[in-house]
Amino acid sequence: MLIVDAANVVGSVPDGWWRDRRGAAERLRDRLALRGAGEEIVLVVEGAARGVASVPGVRVDAAPGSGDDRIVELVAAAAGRACVVVTADRGLRERVRAYGAECAGPRTVRPGE
């Protein structure tokens, strides 16, 4: 399972994402859908990006509060499964590693940026 911290990944590139947070999350979702290849991909959105719809290959999970807290919940629920969390947030990385998840940086899903 690949869990992507949308706010952190979108915020990793200063491309004007702050003018349209929902649109930036949708572009990330669409980029993730192209890589699909049979893996389960969950894009966790929060705040202004809530309302982004799931598409084939990418399940969008709208955090009711903190996106970080929702990611930790998802990792905890996936106990026993291979799980990679994509984020540069050091605190979140520590939290999910406590549940056995591996971590990768934003460039994993945004190569060349």
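Two strands are taken as paired if DSSP finds at least two bridges between them. Helices (H or I, at least four residues) and strands (E, at least two) are themselves DSSP runs, numbered from the N terminus.

Good morning. The structure above is a predicted model, in which local features need pLDDT of at least 70 and side-chain atom pairs count only at pLDDT 80 or more, while totals for chains, interfaces and linings use all residues. Residues are numbered from 1 along each chain as its sequence is written, and side-chain values use heavy atoms, with hydrogens and water left out.

Strand 1 and strand 2 run parallel and are joined by 4 bridges. Within that pairing, V4 has L43 in strand 2 as its bridge partner.

I turn to helix 4 (90–97). Its buried residues (buried means under 20% relative accessible area, exposed over 50%, partly exposed in between, with a 1.4 Å probe and protein chains only) are L92, R93 and V96. Seen down the axis, they fall within an arc of 105 degrees, so they line one face of the helix; the arc is that of the directions from the helix axis to the C-beta atoms. R90 and E94 are exposed on the other side. The buried residues pack against strand 1, helix 3, strand 4 and strand 5.

Helix 3 (residues 67–77) has G67, D68, I71, V72, L74 and V75 as its buried residues. They lie on the same side of helix 3, because they cover an arc of only 160 degrees around the axis. S66 caps the N-terminal end of this helix, placing a side-chain oxygen 3.2 Å from the backbone nitrogen of D68. D69, also found in helix 3, counts as partly exposed at 37% relative accessibility. The side chain of D69 makes a polar contact of 2.9 Å with that of R95. A polar contact is a pair of N or O atoms within 3.5 Å; within protein, one must be able to donate a hydrogen and the other to accept it, and residues adjacent in sequence count only if both atoms are side-chain atoms.

Next, is T87 buried or exposed? T87 is buried, at a relative accessible area of 0%, and lies in the loop between strand 4 (84–86) and helix 4. Its side chain joins that of D5 through a polar contact of 3.0 Å. Neighbours within four places in sequence aside, T87 is in contact (heavy atoms within 4.5 Å) with D5, N8, L92, R93, A104, G105 and P106.

Finally, V4 again: leaving aside neighbours within four places in sequence, V4 is in contact with V9, L28, L32, V42, L43, V44 and V86. Thank you.
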